[in-house]
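Welcome, and please open your viewer before reading on.

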Amino acid sequence: MLRRFVSNSHAKKIAGNSTLKASSGLQTPARHLKASSIAIKRAYAAKQPPKLTSETYSYVKRDEKYKKLTPADIEALKAIIGTKGSIITDDIPSDLDFYNEDWMRKYKGQSKLVLKPTTTEQVSEIVKYCNQENLAVVPQGGNTGLVGGSVPVFDEIILSVANLNKIRSFDSVSGILKCDAGVILETADTYIKENGNYIFPLDLGAKGSCHVGGVVATNAGGLRLLRYGSLHGSVLGLEVVLPNGEIMNSMHSLRKDNTGYDLKQLFIGSEGTIGIITAVSILCPPRPQAFNVSFLGVESYEMVQKVFQKAKNELGEVLSAFEFMDNKSLKLTKEHITSPEPLEGEHPFYVLIETSGSNAEHDSAKLEAFLESAFENELILDGTVSSNESEFKNLWSWREMIPEASAVGGGVYKYDVSLPLKELYSLVEAVNERLEAAGLSSDTDASKPVISAIGYGHVGDGNLHLNVSVRTYSKEVEQCLEPFVYEFVSGKHGSVSAEHGLGFQKKNYIGYTKSDQEVKMIKQLKSIYDPKGILNPYKYV
Ligand SMILES: O=C(O)CC[C@@H](O)C(=O)O
Ligand SMILES: [Zn+2]
């Protein structure tokens with residue numbers, strides 16, 4: 001049973017249950033075990049049916065500068081890959097579906113060729129050939145992205161790094177892992193856990209399917225950025241195949257290196273537009289020994305911020321995640337999952353706090369003291385703390401299943417933005433008002449296209465996920481949302497992509513965050529390194 005955490009003085013007030021007691025001894029087993037089960041739910045089989053394809057692509061045209069694939073090209077590429085790698089053609093067209101469609105089945109290309117090389121040299125040869133022949137290429141990792149960045153738009157060749165899947169080395173003294181781009185994130189995490197008790201400095205719901213190279217190429221943020229910072233800080237080196245086929249070997253192990261431009265940074269978050277990451281060198285921190293999670297009911301977004309401030313001050317170094325969700329997010333999730341509900345009754349907002357550290361007793365005592373004090377100061381209305389592994393997983397699942405839950409009504413428009421903390425939730429309010437004013441939204445009236453706009457996310461990182469859950473995709477809804485959302489974010493000096501990237505979805509919106517000069521320099525870099533534009537075309541650059 002979940003332990004209800006209520007301070008003695010508030011026990012009567014909360015849920016009218018005078019038998020509730022403050023809990024103690026809350027340490028739980030490591031959370032990585034949880035991540036794997038969630039990741040399975042994110043596998044391809046769980047995808048939603050395709051809905052948007054034709055509408056989305058109506059405003060882009062295939063660029064005829066790219067050659068159409070010929071049988072001679074296929075033969076030449078087969079010769080490069082040899083017998084060890086694999087190649088998928090349209091002999092059985094459905095074999096290509098997994099690679100042509102994104103995880104949400106929202107974006108779908110029509111590639112007729114998937115190449116899965118086994119070495120960096122093969123990647124290099126393939127890219128060299130494609131460059132010479134003007135064949136467009138989409139690099140692909142685990143294909144778990146949410147902005148249509150890793151799938152073709154038209155007939156681009158898909159270059160999957162799935163067969164580049166070796167751990168190259170792990171130094172258990174320094175914590176530096178070197179691995180191929182196609183290693184699954186969870187595999188890397190398990191490996192470094194078993195070989196020195198380290199943790200990968202990034203965790204996300206798609207851990208069981210996404211690749212290390214893919215998370216670096218998209219600069220994924222995930223659930224513990226608050227603790228470990230962004231990949232721009234953890235990645236020490238990269239191996240990259242450039243658009244002309246040359247290999248940039250920058251697989252350094254140095255934490256300090258001040259010899260001019262830090263070129264690897266260019267590729268972190270580049271989304272495969274300027275090079276294909278084939279290997280990563282990354283610094284991994286020691287794995288915490290004790291994990292706790294608590295799930296709290298909160299009265300307002302203002303209170304969410306106060307709880308965050310208090311958590312930073314009082315939990316300090318053991319605070320490893322601070323997530324929030326609104327009431328509508330929890331309601332949608334409730335319809336989608338069968339796990340026991342975390343709290344009795346409803347609250348306007350919910351907060352999930354994870355602590356992780358090296359001393360179970362100390363960490364639990366810290367969390368307890370924090371929660372006691374938060375209740376006493378009336379910052380939180382109700383709360384639970386996990387007391388074993390299954391409760392720990394259950395509480396996290398109420399947060400991690402929101403993205404899926406928001407799509408089951410038919411579809412979802414996803415916005416992933418950074419905003420100043422104070423203004424984070426005002427976007428959700430503004431969008432709901434706008435949809436209601438336009439008569440487009442109702443959570444009960446099935447004739448309306450929109451069910452509701454929900455807000456949740458990594459509030460500790462200033463990152464809001466605004467998901468507009470719809471019964472059906474429509475131009476009217478899209479026009480009500482865009483460019484409004486991007487203008488709103490820009491007006492508050494936020495970012496139109498906090499962590500998912502720009503991909504195809506936001507190909508036209510980079511200028512809402514980056515200055516004209518920045519956009520100009522990005523385009524210049526692209527044209528220097530990829531003058532023919534063969535890498536990941538039709539995306540943001
Ligand atoms: O699907 C989304 O919008 C968010 C996905 C992911 O970034 C998360 O935080 O759960
Ligand atoms: Zn996220």
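## First stop: a covered strand

Select strand β8, residues 235-241: six of its seven residues are buried, so the strand is mostly covered. Here a residue is buried if 20 or more other C-beta atoms lie within 10 Å of its own, exposed if 12 or fewer, and partly exposed in between, with C-beta atoms placed from the backbone. Strands (E, at least two residues) and helices (H or I, at least four) are DSSP runs, numbered from the N terminus.

A word on what you are looking at: this is a predicted model, in which local features need pLDDT of at least 70 and side-chain atom pairs count only at pLDDT 80 or more, while totals for chains, interfaces and linings use all residues. Residues are numbered from 1 along each chain as its sequence is written, and chains are lettered from A and ligands numbered from 1 in the order in which they are written.

Two strands count as paired if DSSP finds at least two bridges between them. Look for G237, which stands opposite S281 in β10.

## Second stop: an open sheet

Select β2, β3, β5 and β4, which form an open sheet of four strands in that order, with mixed pairing. The edges are β2 (86-89) and β4 (137-140), each pairing on one side only. Neighbouring strands of this sheet are turned by 20° against each other on average, direction ignored.

Zoom in on β2 and β3 (residues 113-116), an antiparallel pair with four bridges. I88 stands opposite V114 in β3.

Then show helix α5, residues 120-133, which lies across β3, β4 and β5 (157-160) and runs at about 165° to β5. Such angles run from 0 to 180 degrees between N-to-C directions, and axes are lines fitted to C-alpha atoms, for helices over the stretch in contact.

## Third stop: the ligand

Which residues are around ligand 1? Select L146, G205, P403, K414, D416, G457, H465, N467 and E499. A residue is near a molecule if its C-beta atom, placed from the backbone, lies within 6 Å of it. Strands β15 (411-418) and β17 (463-470) each supply at least two residues of this shell.

By class, the shell has two nonpolar, four polar and three charged residues. Ala, Val, Leu, Ile, Met, Phe, Trp, Tyr, Cys and Pro count as nonpolar, Asp, Glu, Lys and Arg as charged, and the others, Gly among them, as polar.

Select α11 (residues 301-315) and α13 (residues 360-376), whose axes come within 10 Å and cross at roughly 145°. The crossing is right-handed; the term applies if the near helix is turned clockwise from the far one by less than a right angle, and left-handed if anticlockwise. V307, K310, A311, E314 and L315 in α11 meet K366, L367, F370 and A374 in α13. Contact here asks for C-beta atoms, placed from the backbone, within 7 Å. The residues of this contact are six nonpolar, no polar and three charged.

Move on to α16 (residues 426-437) and α18 (residues 484-491), with axes that come within 11 Å and cross at roughly 145°. Their crossing is right-handed. L427, A430, V431 and R434 in α16 meet F484, V485 and F488 in α18. This contact has six nonpolar, no polar and one charged residue.

## Last stop: backbone details

Most residues other than glycine have a negative phi, and most peptide bonds are trans. Select P483, in the loop between α17 (475-481) and α18: the peptide bond from E482 to P483 is cis, with omega near 10°.

N219 has a positive phi near 50° and is found in the loop between α7 (212-217) and α8 (225-228). Is N219 buried or exposed? N219 is buried, with 21 other C-beta atoms within 10 Å.

Finally, select H493, in the loop between α18 and α19 (516-529). H493 has a positive phi of about 60°, and counts as exposed because 11 C-beta neighbours lie inside 10 Å.

Notes:
Two residues are in contact if their C-beta atoms, placed from the backbone, lie within 7 Å.
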